[in-house]
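This briefing goes through one protein chain for a reader who works with computed structures. It takes up a pocket and its lining, then individual helices, then the chain overall.

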Amino acid sequence: MIELAAVFAVAGAASNAVGTAFQRKAASASSRSGLRLLAELVHRPFWMIGMAGVVCAALFQSLALVNGPLALVQPLFILELPFALLVAAPLMHRRLPRSGWWGVGGCVAGLAVLLIAAAPHGATDQAPLVRWIPAVCLCVGAMAVAVLLAGRGRAPARRAALLAAASATGNALTAALLKSASGTFADHGFTAFLRSWQTYGFALAGAAAVLLLENALQAGPLAAAQPALTIGDAVVSLILGITLFDERIRTGWWLVPEACGALLIVVGVALLSRAVGRIIVLPVPAEEQRQPT
């Protein structure tokens, strides 16, 4: 089932990237905000495609978490970053500089090396409450501390990194709660799913993570926020997988290629984040300017 989980995770990352790219494309053509923006966007085909991508991503993530360990699934969502750039660049009439393609290669190669060397295994769907309580408290506490440290008056890059780290922790906690809730649905049906506290927990944690992400992107440069978001999610997910669901990774000399893979991912994400600021803007065809998105 590990292979199936990996396929679903990659599909989820691709779907989320497509959804985000199409939503940004639709929103970029409007000058409205708040509820007026939403009322306008629901009539735009590009926005509807984007929402379909987000819904499919959530479904694929649930299927991946039911079939495989959290320590495998969440790191694979690192692929959302290169997928998003590959989709959004032509859609938004942008061209990624050469350094960005090196970043894409670094992310993909590093992720492959890391997961092959680590070989996450031994997952269960549920964890006892005595494990959930400290895990939730520590994650929420870490998010609160990061938000406090990112208060007004801090340097923009530092604020962005801290808020992104808080969002990454929220994303990892959301995935852990979703894994447990999805396992309940698969084993006991929809009624048990609705009675599970994890179902409402992942909804709250997910909403908090999205809110923190929006603030992180507004607070400072993407080059500061994206590495903390991407690496933080994978690291916290790995810790939660081991402590909550008894997941295991290979140790000993395998730690050497695992560290090399992680380093490649860090370098790739850093290159991609910096390349975003140097994206080349291409002219928009006249016929597309007249069409609603």
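## Pocket lining and helices

By class, the lining of the second largest pocket consists of 17 nonpolar residues and one charged residue, with no polar residues. The model is a predicted one, and the pocket has a computed volume of about 310 Å³.

**Second largest pocket**

- Of the 18 residues that line the second largest pocket, those closest to its centre are L114, A234, V235, L238 and A262.
- Two or more lining residues come from each of the elements α4 (70-76), α6 (98-118), α11 (222-245) and α12 (255-276), and α12 gives the most to this lining, with five residues.

**Helix α6**

- Helix α6 has 21 residues and reaches 30 Å from its first C-alpha to its last, which is close to the 30 Å expected at 1.5 Å a residue.
- The buried residues of α6 are S99, G100, G103, V104, G106, C107, G110, L111, L114, L115, A117 and A118; L114 is also among the residues closest to the centre of the second largest pocket.
- After α6 comes A119, whose phi is positive, near 45 degrees.

**Helix α8**

- Helix α8 (residues 156-188) has 33 residues, which should span 48 Å at 1.5 Å a residue, and because its end C-alpha atoms are 47 Å apart, the model agrees with that expectation.
- The residue that follows α8 is G189, and its phi is positive, near 95 degrees.

**A205 in helix α10**

- A205 is found in helix α10 (residues 197-219), and it counts as buried because its relative accessibility is 11%, where the cut-off for buried is under 20%.
- Apart from its neighbours within four places in sequence, A205 is in contact with G170, L173, T174 and L177.
- For A205 and L177, which are 28 residues apart along the chain, the C-alpha atoms are separated by 8.7 Å.

**The chain overall**

- The secondary structure of the protein chain comes to 13 helices and two strands, and buried residues make up 44% of its 293 residues.
- Among contacts in the protein chain with a separation of 6 or more, 86% are accounted for by residues 24 or more positions apart.
- The accessible surface of the protein chain comes to about 14600 Å², and 71% of that surface belongs to carbon and sulfur atoms.

Terms used. Residues numbered from 1 in each chain as written. Predicted model: local features only at pLDDT ≥ 70, side-chain atom pairs only at ≥ 80, totals over all residues. Heavy atoms only, no water. 1 Å grid on protein atoms, 1.4 Å probe; cavity = no way out; pocket = protein on both sides within 12 Å on 5 of 7 lines; lining within 4 Å. Points joined across faces, edges and corners; volume = space filled by probe spheres on them. Helix = DSSP H or I, 4+ residues; strand = E, 2+ residues; numbered from the N terminus. Nonpolar A, V, L, I, M, F, W, Y, C, P; charged D, E, K, R; others polar. Expected span 1.5 Å × (residues − 1). Buried < 20%, exposed > 50% of the residue type's maximum accessible area, 1.4 Å probe, protein only. Contact = heavy atoms within 4.5 Å. Areas by Shrake-Rupley, 256 points an atom, 1.4 Å probe, with all protein chains shown as cover.
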